[in-house]
Amino acid sequence: MLRKYGLGLIFTLASVLLAIGLQALGWFDLANFKLLDFSYQLRGPLSSWAARQDNPNDSLDVILIDVDDETFRILADISWPYPREKVWSRTIRNLVDAGAKVIVFDIQFDSRDKYTALATSVFEGALPEGFVDGDIAVAQAVEYARSKGTEVVMASTIKNEPSRIPPHILVVPNDSIMSVNPDHGLVDVEEDPDHFTRRYPIFSALPQEPDIWRLSLGMKAVKYYLDIPDDPGLTYDKEQGNFIYGPLRIPTYGSDHPGFLINLYGPASHARIGESEPWATFKRFPLVWVIDTEDFDLPIFEEDTDWMDTFNPSSSFNSMMSMIDPEYEVAESPFKGKICMIGVSVEVVHDYKSTSFFDYLGVPSLMPGFEYHANAIQTLLDQNFIDVIGDTIEFTSDSAWTQILLIVLCAFLAYVIISFFGPLWGGILTILEAAIFTSLSVGMFTSDQLWFFKWISGNKEAINVPAAGESAFVPVIAPMVVMVLTYGTNVVYKFILEQRDKHFLKDTFGTYISPDLIDQMYEQKREPQLGGEESVHTAFFTDIQSFSSFSEKLSPTDLVELLNDYLTEMTNILLDQKGTLDKYIGDAIVAFYGAPVPVPDHEYLACLTAVNMQSRLAELREKWKSEGDRWPEIVHNMQNRIGIATGDMVTGNMGSAMRMNYTMMGDTVNTAARLESSAKQYGVYIQVGEATYLAAKEKFEWRDLDYVVVKGKSEPVRVFELISEKGDLPEGYAELLEAFHGALDLYRNQKWDEALKAFQDSDSKEDMFPGRSMNPSRLYIDRCRYFKDNPPGEDWDGSWTLTTK
């Protein structure tokens with residue numbers, strides 16, 4: 001008992017310690033992150049989530065203003081970066097007029113406006129009359145926005161310059177823009193080790209100013225959208241372990257990381273499948289639309305629609321329509337009361353993130369950086385955070401005890417399973433345990449514990465979409481690994497104990513009981529007994545053509561070496577195809593298929609073995625030839641013949657009470673032996689009975705050989721030559737088979753002269769390689785001559801009786 005359970009517990013404890021160690025080293029982090037990605041993709045986009053809230057006409061709070069391919073195409077004459085007076089100040093003013101509450105730039109304006117700098121350089125420091133400084137224009141637009149109740153948030157970043165002291169520096173918009181004190185937020189976002197982006201910082205701090213919390217771009221956008229006052233600003237609740245910012249409670253991703261997991265609302269908004277419409281996770285508008293007003297002419301006339309004036313009551317078109325129709329209503333601005341996030345999706349700028357929706361529905365799509373900020377903002381506004389059980393996916397001081405508890409619990413369950421069930425059922429139940437645990441984790445993320453059944457049934461759309469704050473994630477990879485380790489170590493330990501017991505039995509009984517029976521005796525917990533079982537199996541016989549000639553040409557030592565080489569290769573092929581080796585009789589191999597372990601397609605496997613044996617023998621002949629004079633010519637031309645028959649036979653333990661073997665007996669066995677020996681009369685090398693042919697005919701190429709009464713039988717059987725696998729006929733065989741089968745039809749219709757001539761034609765197509773002195777066509781030529789002189793009569797059934805084996 002101690003040996004069985006005591007050491008098993010020790011192996012389980014070792015598995016637990018190993019799993020904890022590997023988790024602490026971060027070996028499972030990537031797999032856990034990928035499981036999180038899978039959970040996202042299974043849940044699908046949350047784009048329609050807002051539509052199921054109290055206001056069905058509402059959309060997400062963030063609108064994307066995109067420097068996309070359309071913008072780049074239409075503004076091709078205006079090189080990037082765009083002039084700030086002509087484009088960016090106009091963008092701010094137009095969005096303010098359209099009712100935007102917050103305008104956020106994920107574009108840095110730390111350097112001077114390129115066009116202003118160029119003009120200053122050309123005119124030696126003084127701008128020409130009428131030229132507007134682009135940075136001052138942006139500053140004035142910020143002031144205009146503030147006067148209308150709209151706040152503009154600029155982008156800032158922390159850069160590391162090793163040559164500086166201190167090396168870290170805060171980079172903000174240039175002095176001209178900062179002269180009006182626009183607020184700014186950090187755009188820096190960390191990647192996970194797999195270069196995917198899943199987290200979002202609440203704030204960052206310069207190493208030389210650790211007590212100054214500099215909010216991220218998304219946090220600043222939320223501040224002005226919710227009108228959060230500066231006092232008290234962002235505070236930390238130690239008891240709850242989260243940050244408080246106005247009405248928001250923001251859980252942190254571990255105590256060492258002032259950030260949170262973003263609950264992505266869907267794939268990149270510009271991404272699409274084939275020619276379908278883009279995903280439009282967020283409402284997205286090309287930048288060129290936003291600057292398209294009556295007083296701004298786009299470079300491409302056909303694209304100049306004054307789209308932005310659609311929402312301006314005082315535009316020429318709306319004024320005219322109001323005069324025509326007093327009840328005319330101006331279209332409501334999609335920007336009204338929204339956060340307008342401005343960024344770049346065009347590939348030339350390379351501001352992209354790999355996210356959990358990267359290959360959603362098999363379509364790879366990177367997310368523009370500014371849309372990643374939009375997802376963070378929406379997550380904050382909806383309080384739609386992901387609750388990671390243990391606080392972090394990685395093994396940290398915050399998650400250590402939770403993850404250790406999960407590992408120990410799963411290891412214990414796996415140990416209980418393997419203790420009460422055998423390796424097979426134990427493995428199945430352990431896999432089921434791991435599957436259930438994983439399913440629970442994904443179910444907690446999707447708020448749908450029936451997700452797996454909906455998924456496998458193809459009804460993925462029926463999987464629930466969780467409400468805000470209902471998604472949770474459990475890092476399950478380490479617990480799953482400890483299940484496998486516990487199962488594996490205990491199974492290996494049990495196997496070692498079983499092998500000891502088997503060795504004892506072999507040491508005791510091995511001198512007079514075959515090793516296979518020892519295994520059977522151990523597994524069935526009984527001594528072997530004489531007897532057999534009748535069933536349908538396939539018998540297989542093969543031996544070397546003219547083997548007696550080899551004995552004359554080779555010394556006994558060389559003969560044994562050659563035979564061992566040959567038998568080893570042929571036996572390996574036999575065993576690879578699930579054959580059961582019965583015995584060797586000199587150069588002959590006797591085997592069968594379908595016992596002691598049932599094999600559903602034993603006929604096919606027997607035929608495949610025969611084809612593979614012929615192929616391997618051809619390789620061996622080339623090898624022997626390459627050895628020069630080591631072997632005589634008869635070895636270079638070695639051929640083997642194979643007979644295969646399927647039918648009822650008895651397989652089982654046969655012999656004496658003291659010594660027995662697992663073998664086969666029955667009429668089918670005799671038929672297979674006759675087919676192998678009679679193959680030489682036809683000059684073929686694989687002869688197969690009708691039952692085998694019928695079961696495997698669709699997978700191989702055949703020659704209809706004869707309707708024959710073999711030696712020792714009274715009833716005729718159809719026999720076939722197995723040539724190759726389907727579609728792999730040797731060159732010239734297609735013409736040969738067509739000619740031969742045509743001649744065979746004439747033969748069976750007793751048209752002896754025509755058949756004789758047809759067989760002579762097919763004989764000319766036969767492959768008469770060295771060592772082959774007969775072929776089926778020649779055999780039938782002799783028969784045709786015989787029957788021409790000795791007609792069989794009108795009631796002849798087409799059969800032929802063999803008089804020799």
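Helix α11 is mostly covered, with 14 of its 14 residues buried (buried meaning under 20% relative accessible area, exposed over 50%, and partly exposed in between, for a 1.4 Å probe and protein chains only). The model is predicted, so that local features need pLDDT of at least 70 and side-chain atom pairs count only at pLDDT 80 or more, while totals for chains, interfaces and linings use all residues. Residues are numbered from 1 along each chain as its sequence is written, and side-chain values use heavy atoms, with hydrogens and water left out.

Helix α11 comprises residues 369-382; helices (H or I, at least four residues) and strands (E, at least two) are DSSP runs numbered from the N terminus. Gln383, which follows α11, has a positive phi near 50°.

Aromatic pairs were examined next. The structure holds 55 such pairs, where rings of Phe, Tyr and Trp (its six-membered ring) pair if their centres lie within 6.5 Å, and planes under 30 degrees apart count as stacked, over 60 as edge-to-face and the rest as tilted. One of them joins Trp88 and Phe105 in an edge-to-face arrangement, at 5.8 Å centre to centre with 80° between the planes. Because Trp88 belongs to helix α4 (residues 84-97) and Phe105 to strand β2 (residues 102-105), this pair ties together parts that are 17 residues apart in sequence. Trp88 is buried, at a relative accessible area of 1%, and Phe105 is likewise buried, at 0%.

An edge-to-face pair is also formed by Trp307 and Phe311, with 5.0 Å centre to centre and 85° between the planes. Trp307 counts as buried at 18% relative accessibility, as does Phe311 at 15%. Trp307 is situated in the loop between α9 (287-290) and α10 (316-324). Its contacts, leaving aside neighbours within four places in sequence, are Phe285, Trp289, Asp292 and Phe335 (contact meaning heavy atoms within 4.5 Å). The C-alpha atoms of Trp307 and Trp289 are separated by 6.0 Å, although the two residues are 18 residues apart along the chain.

The charged end of Lys34 sits over the ring of Phe196, 3.8 Å from its centre, and Lys101 lies over the face of Tyr225, at 5.6 Å from the ring centre. For this assignment, NZ of Lys or CZ of Arg is within 6 Å of the ring centre and within 35 degrees of the ring normal.

The peptide bond from Ile165 to Pro166 is cis, with omega near -5°, and Pro166 lies in the loop between β3 (151-160) and β4 (168-171). A cis peptide bond also runs from Asp231 to Pro232, with omega near 10°; Pro232 is found in the loop between α8 (217-225) and β9 (234-237).

Leu361, although not a glycine, has a positive phi of about 60°. Leu361 is placed in the loop between β15 (352-353) and β16 (367-368) and counts as partly exposed at 47% relative accessibility. Asp391, also not a glycine, has a positive phi of about 80°. The loop between β17 (387-388) and α12 (400-420) holds Asp391, which is partly exposed with a relative accessible area of 39%.

Definitions and conventions: The expected span of a helix is 1.5 Å times one less than its number of residues.
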